[in-house]
Amino acid sequence: MLLSASILGADLGDLRAHARAAIEAGCEWLHVDVMDGHFVPNISFGVPVMQSLRDLAEETGTLLDVHLMIEEPDRYLRDFADAGAGLITVHAEACPHLHRTVQHIKELGCQAGVALNPATPLSCLDHILSDLDLVLVMSVNPGFAGQAYIPATKAKIAHVARRAAREHPELLIQVDGGVTPSNAGMNVQAGANVLVAASAIFKGTGTVAENVQAFRDAVSS
Ligand code: DX5
Ligand code: ZN
């Protein structure tokens, strides 16, 4: 299980220190939630914030996992790749030419992911699944940290995992939204192998290190 710490939950006034704390606590990836106020009803941050994390990511060997919750993502793929993205995930709902977008991400030297909103069926990836490095199963409606996990996600993850076992065993299955130590084990059992968390890592009950350890304990028990 890989843990991707969403910097949306960090104190952006002290972003590098908070990101470093998550990495030192054992988070393998940093999750960068980019929101445009159009695809989702919130605005977060963009390329300059990514750039401020680039050195830290290189120094520590941490993958920058960019989740683009934006319309027309093709316009910005190169900028995010140049800013150090290792993986770029776009939303299926925002990409009328999803095949072209995925190829574009790969041509830029990044791993390619596609995210599905809670109401978006997996069948929209029928003809592209084998081209993907990652499927992101949204467990909240995207736009905000701190929302509650939607219970139907568990069955959707299991569905992705069954398809992946048959068609693409290396596929990474990421779950994002309301993920906590309490539901981490259930998500991993269903088939998720990358957990994203903002609030539970940066705003949990303990220190960042304790919060990350709680995830490890939850999946190893
Ligand atoms: C939601 C974002 C998530 C968010 C998760 O739109 O894509 O990555 O930061 O936040 P928590 O873990 O607080 O639900
Ligand atoms: Zn996200």
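When I say a residue is near a molecule, I mean that one of its heavy atoms lies within 4 Å of it. Two bits of housekeeping: this is a predicted model, with local features needing pLDDT of at least 70, side-chain atom pairs counting only at pLDDT 80 or more, and totals for linings using all residues. Residues are numbered from 1 along each chain, ligands are numbered from 1 in the order written, and side-chain values use heavy atoms, with hydrogens and water left out.

So, who is around ligand 1? There are 20 residues, and Asp33, Gly143, Asp176, Gly178 and Ser199 come nearest.

Now the polar contacts, meaning pairs of N or O atoms within 3.5 Å. Asp33 puts a polar side-chain atom 2.7 Å from a ligand 1 oxygen. From the His67 side chain, an N or O atom is 3.2 Å from an oxygen of ligand 1. Gly178 uses its backbone instead, with an N or O atom 2.8 Å from a ligand oxygen. And how much of ligand 1 does the protein cover? It covers 99% of the 380 Å² of accessible area that the ligand has on its own, by Shrake-Rupley with a 1.4 Å probe.

On to strands, which are DSSP runs of at least two residues. Strands E2 (29-35), E3 (63-69) and E8 (194-197) each give two or more residues to the shell, and E2 gives the most, with 3.

By class, that shell has 10 nonpolar, 8 polar and 2 charged residues. Charged here means Asp, Glu, Lys and Arg; nonpolar is Ala, Val, Leu, Ile, Met, Phe, Trp, Tyr, Cys and Pro; the others, Gly among them, count as polar.

Conventions:
Polar contact = N/O pair within 3.5 Å; in protein donor to acceptor, adjacent residues only side chain to side chain. Helix = DSSP H or I, 4+ residues; strand = E, 2+ residues; numbered from the N terminus.
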